Amino acid sequence: MRMAVAGFGLLMLGGCAAEAPLKEEPAFYLSMAHGGAKVDPGVAASMISGYRQNNGLGAVVVDPELVKLAEAQSMAMATRNKLDHDVTAPLARRLNGSGYPATIAVENVSAGYHTLAEAFSGWRDSPPHRANMLKTGVTKMGIAASYAPNTKYKVFWTLIMASTER
C-alpha cells in the first residue's frame with residue numbers, strides 16, 4: 001500500500017511539473033539567425049537608454065521611420081553580403097532621400113552577432129560604436145537585423161540614432 005501511495009504521489013508531482021509554464025527567453029537573447037526573426041526595437045531602446053542614462057545622458061525612443069531606414073540598410077548589407085555603412089549610400093544621403101529631418105545622426109553597423117545582447121556588447125566594447133551610442137543630443141533610434149543564411153556573417157545589424165530638434 002505504501003508503495004502504491006508513493007508511486008501515486010510521484011505521478012502527481014510529475015503531472016504538476018509538466019503543467020508549469022516555461023519561462024520565455026528574454027528578447028535580447030533571441031537569435032536573429034533564422035528567417036522571420038525581428039529585433040524588438042522597444043527592448044533595444046530600453047537597453048540603450050539604460051546604458052545612456054548610466055553615462056549621464058538622456059534616453060532614446062523608437063522612431064518608426066528610423067526603424068525602416070535601419071531595416072533597409074541591414075537588408076542591403078545582407079543582400080550584398082557586405083558590411084559597409086555606404087553599401088547603398090552614406091547615412092546623410094539615405095536620411096535626406098527619405099525626407100527624414102535629422103539635425104544629428106549616427107549609425108552603427110555590424111555583422112555576425114546572433115542576438116541583440118551580442119550586438120549591444122560588441123558596440124559597447126568598440127570605442128567608435130560606443131561613442132555613437134553615447135552621442136549627445138540624440139533622442140530617437142531605429143534598429144534592425146537581417147538574416148542571410150548563405151553569407152559569411154549570417155546576421156547584419158544596423159542601429160541609427162538621431163535627433164530632429166533644432
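Reader: Which residue of β3 is the bridge partner of V62?

Author: In this predicted model, the bridge partner of V62 in β3 is M141. V61 likewise has a partner in β3, namely K140. Residues are numbered from 1 along each chain as its sequence is written. Local features need pLDDT of at least 70 and side-chain atom pairs count only at pLDDT 80 or more, while totals for chains, interfaces and linings use all residues, and side-chain values use heavy atoms, with hydrogens and water left out.

Reader: Why are β1 and β2 called edge strands?

Author: The open sheet has 4 strands in the order β1-β3-β4-β2, with mixed pairing. β1 (61–62) and β2 (104–111) each pair on one side only. As for the word strand, it denotes a DSSP run of type E of at least two residues, and a helix is a run of H or I of at least four, both numbered from the N terminus.

Reader: Why does Q73 count as buried?

Author: Buried means under 20% relative accessible area, exposed means over 50%, and partly exposed lies in between, using a 1.4 Å probe and protein chains only. Q73, a residue of helix α3, has 1% relative accessibility and therefore counts as buried. Beyond neighbours within four places in sequence, Q73 is in contact (heavy atoms within 4.5 Å) with residues including H85, R94, E107 and T158.

Reader: What makes A89 buried, although it is found in a loop?

Author: The loop lies between α3 (64–80) and α4 (91–98). The relative accessibility of A89 is 10%, so A89 counts as buried. The C-alpha atoms of A89 and Q73 are separated by 9.3 Å, with the two residues 16 apart along the chain.

Reader: How do you know that β3 is mostly covered?

Author: Of the 8 residues of β3, 6 are buried. For the chain of 166 residues, the buried share is 37%.

Reader: Which strand gives the most to the lining of the largest pocket?

Author: β3 gives the most, with 5 residues. A pocket is an open set of points, on a 1 Å grid over the protein atoms alone, where a 1.4 Å probe fits and protein lies on both sides within 12 Å along at least five of seven lines; lining residues have an atom within 4 Å of a point. The largest pocket holds about 230 Å³ of space. Its lining has 16 residues, and the closest to its centre are A37, K38, E71, A145 and S146. α3 and β3 are the elements that give two or more residues to this lining.

Key. Pairing = 2+ DSSP bridges. Points joined across faces, edges and corners; volume = space filled by probe spheres on them.
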